[in-house]
Amino acid sequence: MTLLPIGLYDAELQQEQSLNLNTLLDTFFYENVASGLRRKLGGQEQEVWALNTYAVENVPSIVAVSLKRFDENLLKIECQVDFPSQINLHKYSGRPEWRSSPVMHSVAWNLRSIVCHRGGSTQSGHYYAYTRYSQHDSSSAIWLRMDDAGSPCITQTNVWADPYVKSEAVLFLYELDTDAHTAALMMLQEDSENDGGLGLFGTGMGMGGMGGMGQGYHSSTRSTFGSGSTNKSTKTSNNTIPAALDPTFLSNVLNAVASSSSHRPSAASNN
């Protein structure tokens, strides 16, 4: 599982405005500004700022989007955050071929669960959660509310109609549509071959380029300091992928498809 910590720094000054999770993700990946850093410039230590940009190098099966709802005084930031039923991480991919591909942009991570906190600070309050009971995401999917303060503690609900979720959600869990992802990779392979290329293997987008998928999610950080100098670093957290995305599995699938194609006739509470 991959964790994305999303800050709500501006929300303190805009308590009445509703934010959007997709916009917050864009800010996290493209416009993540770090301030209060101190560096030696011209022989003197000065306060500088840095612009961090991140990229998704691998394919996490589960993405946990954590909202930083508590400020430096541990008080709750209760602004509303609109959240989608699906997100797409390939538009943040470190691979230009995936980042610009409409086929990869069609691969979704579907909302599976939401954890909420009711209370004014980290010192008090109550946690409860929602989870999608239905295996597949759809307008008719069944959602359950898990709340040990309720009676009964598990009830069927409409998560989209709950007026408190937007202001109390602290964690969103999104699950990769593995079938769609596998199909997208196969389409890219076919398109590449039709264009006279070497396919996924030749371009580094296939099993060779995807060898790191089993190693986890990597986010590269580029920090540009106020002095104009640049510093690069890489952060890595482990993530286990489903068998359907295993390089060996996909290699066998693509080889089987290629083999069958050659014989055809012409024509994913603190309590």
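In this predicted model, Arg 145, Asp 147 and Asp 162 are linked with one another in a network of salt bridges. The structure contains seven salt bridges by the rule applied here, whereas the number of disulfides is zero. The points below take up the charged pairs, then the cysteines, and then the pairing of strands.

- Lys 91 and Asp 26 form a salt bridge in which the closest N and O atoms are 3.5 Å apart. Because Lys 91 sits in the loop between strand 7 (86–87) and helix 2 (96–99), while Asp 26 belongs to helix 1 (residues 21–30), this pair ties together parts that are 65 residues apart in sequence.
- Lys 166 forms a salt bridge with Asp 82, and here the closest N and O atoms are 2.8 Å apart. Lys 166 is part of helix 4 (residues 165–168) and Asp 82 is part of strand 6 (residues 81–82), so the bridge ties together parts that lie 84 residues apart in sequence.
- Lys 166 is partly exposed, with a relative accessible area of 32%, and Asp 82 likewise counts as partly exposed, at 25% relative accessibility.

**A further salt bridge**

- The side chains of Arg 38 and Glu 45 also meet in a salt bridge, with an N to O distance of 3.1 Å. Of these two residues, Arg 38 counts as partly exposed, its relative accessibility being 43%.

**Cysteines**

- Although the structure holds zero disulfides, it does contain cysteines, including Cys 116, which is buried at 0% relative accessibility, and Cys 153, which is partly exposed at 40%.

**Strand pairing**

- Strand 1 (residues 2–7) and strand 5 (residues 62–68) run parallel and are joined by six bridges. Within this pairing, Gly 7 stands opposite Lys 68 of strand 5.
- Strand 5 also pairs with strand 12 (residues 169–176), in this case in the antiparallel sense and over five bridges. Here Val 63 stands opposite Tyr 174, a residue of strand 12.
- Strand 5 therefore has strand 1 as a parallel partner and strand 12 as an antiparallel partner, and, as a general point, the side chains of a regular strand alternate between the two faces of the sheet.

Technical notes: Residues are numbered from 1 along each chain as its sequence is written. This is a predicted model: local features need pLDDT of at least 70, side-chain atom pairs count only at pLDDT 80 or more; totals for chains, interfaces and linings use all residues. Side-chain values use heavy atoms; hydrogens and water are left out. A salt bridge is a side-chain nitrogen of Lys or Arg within 4 Å of a carboxyl oxygen of Asp or Glu. Helices (H or I, at least four residues) and strands (E, at least two) are DSSP runs, numbered from the N terminus. Buried means under 20% relative accessible area, exposed over 50%, partly exposed in between (1.4 Å probe, protein chains only). A disulfide is a pair of cysteine sulfur atoms within 2.5 Å. Two strands pair if DSSP finds at least two bridges between them.
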